Amino acid sequence: MTALIETQHYEGALAAPLADGDAWKLVRAEARALAAREPVMAPALALITDARSDAELLAGVLAAPLAVARVDERALASLLADVFSANPQLLLATEADLQAVKERDPACPGLLHVLLNLKGFQALQTYRAAHQLWSEGRREVASWLSNLASLVFGPDIHPAACIGKAVMLDHGSGIVIGETSVIEDQVSILQNVTLGGTGKETGDRHPKIRRGVMIGAGAKILGNIEVGAFSKVAAGSVVLKSVPPRTTVAGVPATVVRIHRVDEVPAAEMDQTIV
C-alpha cells in the first residue's frame, strides 16, 4: 500500500506524459518551424525533417557530433539506427528523457532544443545504444562507442551500467557512472557527479540510485550503497553510506540533514536548497 501511495504522489507531481510517438512528432514540427525561421540551419535540421523513421532521426542527430573524431558519420549513423530500430524500447526511453528535461529545466524552450543542444541528453542516448550492444555481447564496439561519447559529450558512462527512463543529466560535464551502477526511473543528476567505487573492489561495487532522486552538482557517491527513493544528495557531498528514502543528505562525509514530506519529488522539483 505504501508503494502505491508513493507512486500516486509522485506521478501527480509531473506533467501528464505524451502518448508514445508524440514527442517525435513535436520534434519534427519544431524543426520545420525553425528551418523556416532560420534558413541557415535548414541543412543541419534536415537530419530531423527528412528522417524516414524515429530511429533514423535519433541516430542522425547523435552521429553528426560523434563523427568529428575521425569516424565515418554514415557508418556510425547506420550502426545507431540499426540498434534503435531493432529495440523500440530505447526510443520510448528517449521520449521519456526528452519530456523529463523539458519539464525540469525552466530555461528549456522545447523538445528540439533538448535533442540538438544538450550534451547530457545526447550522451545518455548514446549510452542507451552502447548498453544494448553490450547486452548483446558486442562489448568491443560498445566500449568504443562509450569512449567516443565521453570524448565528444563529456559524461563517462560505462555501457554495462543500468539506467532507467525519464532521466536527466543536467549539463552533463564531468559525470562518471561506473560499471555496476543502477539508476532507476525519474532521476536527475547534475554536473560533475561521480557514481564510483571506493578502491580496487571487483564485482558489484557501484551505487544504486532509486526512483525520484536528485543528485546535486559535484556530489560523489562511492561504493555499493543505495540512495533511497525520493531522496536528495546536496551539491558537493561525499556519500559513503546508504541514504534512507525521502531524506536530504549533505556534507563530507554526508549525513542526513532533513526528512522530506511524502509529496516531495526532488528529481522533478530540482530544488538545490537543503533546509
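**A parallel sheet, its cysteines and a surface patch**

Five strands form an open sheet in the order E1-E4-E7-E10-E13, with parallel pairing, where strands are DSSP runs (E) of at least two residues and helices are runs (H or I) of at least four, numbered from the N terminus, and two strands pair if DSSP finds at least two bridges between them. The model is a predicted one, in which local features need pLDDT of at least 70 and side-chain atom pairs count only at pLDDT 80 or more, while totals for chains, interfaces and linings use all residues. Residues are numbered from 1 along each chain as its sequence is written, and side-chain values use heavy atoms, with hydrogens and water left out.

The edges of this sheet are strand E1 (156–157) and strand E13 (238–239), each of which pairs on one side only. E1 runs parallel to strand E4 (residues 176–177), to which two bridges join it, and Asp156 stands opposite Val176 in E4.

Turning to the cysteines, the structure holds zero disulfides, a disulfide being a pair of cysteine sulfur atoms within 2.5 Å. Cys108 counts as buried because its relative accessibility is 7%, whereas Cys162, with a relative accessible area of 39%, is partly exposed; buried means under 20% relative accessible area, exposed over 50%, and partly exposed in between (1.4 Å probe, protein chains only).

On the surface, Val257, Ile274 and Val275 form a nonpolar patch with about 290 Å² of accessible area together. Val275 lies in the segment after helix H10 (266–269), and Val275 counts as exposed because its relative accessibility is 84%.

Conventions:
Patches are made of residues with over 30% relative accessible area and no salt bridge: like charges are joined within 9 Å, nonpolar side chains (Val, Leu, Ile, Met, Phe, Trp, Tyr) within 5 Å. Accessible areas come from the Shrake-Rupley method with a 1.4 Å probe; for residues, only the protein chains shown count as cover. A salt bridge is a side-chain nitrogen of Lys or Arg within 4 Å of a carboxyl oxygen of Asp or Glu.
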